[in-house]
Amino acid sequence: MSIKGFLSNLVGKKIVMAVTGMFLLFFVLVHLLGNSSIYLGPDGINNYTQKLQSMPLFVWLFRFFMITVFIIHVYFGFLLYLENKNAKPDKYAIKKSLRATFASKNMIWTGLVVFGFLLYHLLHFTFRVISIERLNLDFMQRPDVYSMVIQGMTEVPSIVLYFFGLLALMFHIFHGFQSLFQTLGVLSEKMHPGLINFSKLFAFFVFLSYSLIPAVIIAGILR
Amino acid sequence: MMNLTLLVWRQKNANDKGRFEKYEAKNINHEMSFLEMLDVVNEELIKEGKEPIAFDHDCREGICGMCSQVINGVPHGPLEKTTVCQLHMRHFKDGDVIYIEPWRAKAFPIIKDLIVDRSALDRIIQAGGYISVHTGGVPDANAILIPKEDADAAMDAAECIGCGACVAACPNGSAMLFTAAKVMHLAKLPQGKIEAFRRVCLMTEAMQKEGFGACSNHYECQAACPKGIKVSFISGLNREFIKAQLRSK
């Protein structure tokens, strides 16, 4: 089968979703690991930022790769959503969900919320056009990301948006994580129930560990 | 004996808009099957000079895959692993209101009332759901060795009766469970392995061409399947598809 044939095949498209989704999940974990350096105080996260800024080629290659993967994931997500909707034009008067979950039925919507949240997050902390005007340097001449995050996480609208963004991400991963194993054909009948439970646990872990950062800032543990 | 209120989807033909019509099913014996209950309702309609409700049925013993009704929002009704013909009225209560709808999917156009055209499934089979290599005469017992697990899995997949409940249950109107059962039934056996890669590509292409959606892993299909076909066969189809891509040049 040619690349074109693969990309137009409905199983091929699902595989594209699964592979790009897997890379995006890796990013969510790497980003979480990077963010966790905030628990070490200004020395942790400011050093981490300085380190990243000292290798611009790597950072930009990584960004380019992630943006490409993201665009492909969104494009095929929309394509499949529209095709699937088209395949079921008439709705039932009564339809009971036997196995489908809130998460599985709303992937497009939770995905869109995550997309919106990502844009806000980039404007907030990366481009700093929302509330933070510029990134100051700390006393060791490192970019003071620590103070920026502390400031950013004390604004109520931001906190609310982060909460809903993370909630949407949780539901998205909840269905997406186990789904990618099914689509890549590695799920056996035995593994199936276990993986669905693990998927829920994993999504909750992502939600909790990301939420912990604003939580400790609000609680005044990090200041 | 029980009395029921039925809300049945009535539609003259594919072009008609269709609507629900209300019928009272009176003096229904709880030993009747759901189809026998409809037979009773139809006899009354005929006596009154009205058009009887058109519905598909054939063997009435749960193996032909013809009966196809969504009963109160569940394909084949509320009982697991049961076709409509094997669903008995004892599972309903006196005074129940029952919604009866046809399978709904773009690939299954409505012919009349509860009857839909499921020939799209036949065309998926025609695209590759067969073995065309010469496999010779009937081999001696144990001449072709097949591991027990593979033989069992192939038989489990072969249980699919092609009723289309998976398509009816799927929010995407996808025929993945059907196609996966057919692909895996043959891919598990030595005679079927020879054309396995070509088959999975042709059958998934045919499925798309017929207007079925893609699989979103909702797993509604497995829950609705009267034969309990497992979604692990869909995982198997995906695996076969990936293997086919890696092999093809």
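**Two chains and their interface**

Two salt bridges are counted between chain B and chain A, a salt bridge being a side-chain nitrogen of Lys or Arg within 4 Å of a carboxyl oxygen of Asp or Glu. This is a predicted model, in which local features need pLDDT of at least 70, side-chain atom pairs count only at pLDDT 80 or more, and totals for chains, interfaces and linings use all residues. Residues are numbered from 1 along each chain as its sequence is written, chains are lettered from A and ligands numbered from 1 in the order in which they are written, and side-chain values use heavy atoms, with hydrogens and water left out.

Lys95(A) and Glu220(B) form a salt bridge through their side chains, at 3.3 Å from N to O. Polar contacts between chain B and chain A join 33 residue pairs, with both residues at pLDDT 80 or more. A polar contact is a pair of N or O atoms within 3.5 Å; within protein, one must be able to donate a hydrogen and the other to accept it, and residues adjacent in sequence count only if both atoms are side-chain atoms.

Several elements of chain B build the side that touches chain A. Strand β5 and helices α4 (165-169), α7 (196-209), α8 (220-224) and α9 (232-247) of chain B each supply at least two residues. Helices (H or I, at least four residues) and strands (E, at least two) are DSSP runs, numbered from the N terminus. The most comes from α9(B), with nine residues. By type, this side of chain B has 26 nonpolar, 17 polar and seven charged residues. Here Ala, Val, Leu, Ile, Met, Phe, Trp, Tyr, Cys and Pro count as nonpolar, Asp, Glu, Lys and Arg as charged, and the others, Gly among them, as polar.

In total, 50 residues of chain B are in contact (heavy atoms within 4.5 Å) with 44 residues of chain A. About 3,800 Å² is buried between the chains, and carbon and sulfur atoms give 54% of this area. Buried area is the accessible area (1.4 Å probe) that two parts lose on being put together, summed over both. Gln208(B), Tyr219(B) and Glu220(B) supply 15% of the area that chain B buries against chain A, more than any other three residues.

Chain B also holds an open sheet. Its five strands have the order β2-β1-β5-β3-β4, with mixed pairing. Two strands pair if DSSP finds at least two bridges between them. The edge strands, β2 (19-28) and β4 (74-75) of chain B, each pair on one side only. Strand β1 (residues 2-10) of chain B pairs with β2(B) in the antiparallel sense, over eight bridges. Within this pair, Leu6(B) stands opposite Tyr23(B). β1(B) also pairs with β5(B), in the parallel sense, over four bridges. There, Leu6(B) has Ile98(B) as its bridge partner. β3(B) and β5(B) run antiparallel and are joined by two bridges. Val70(B) has Glu101(B) in β5(B) as its bridge partner.

Chain A has nine helices and zero strands. Its C-alpha atoms fill a box of roughly 60 × 40 × 35 Å, taken along the principal axes. In chain A, the side chains of Glu83(A) and Lys13(A) meet in a salt bridge, at 2.8 Å from N to O. Glu83(A) lies in helix α4 (residues 56-86) of chain A and Lys13(A) in helix α2 (residues 10-35) of chain A, so this pair ties together parts 70 residues apart in sequence. Over all chains, the structure holds 19 salt bridges.
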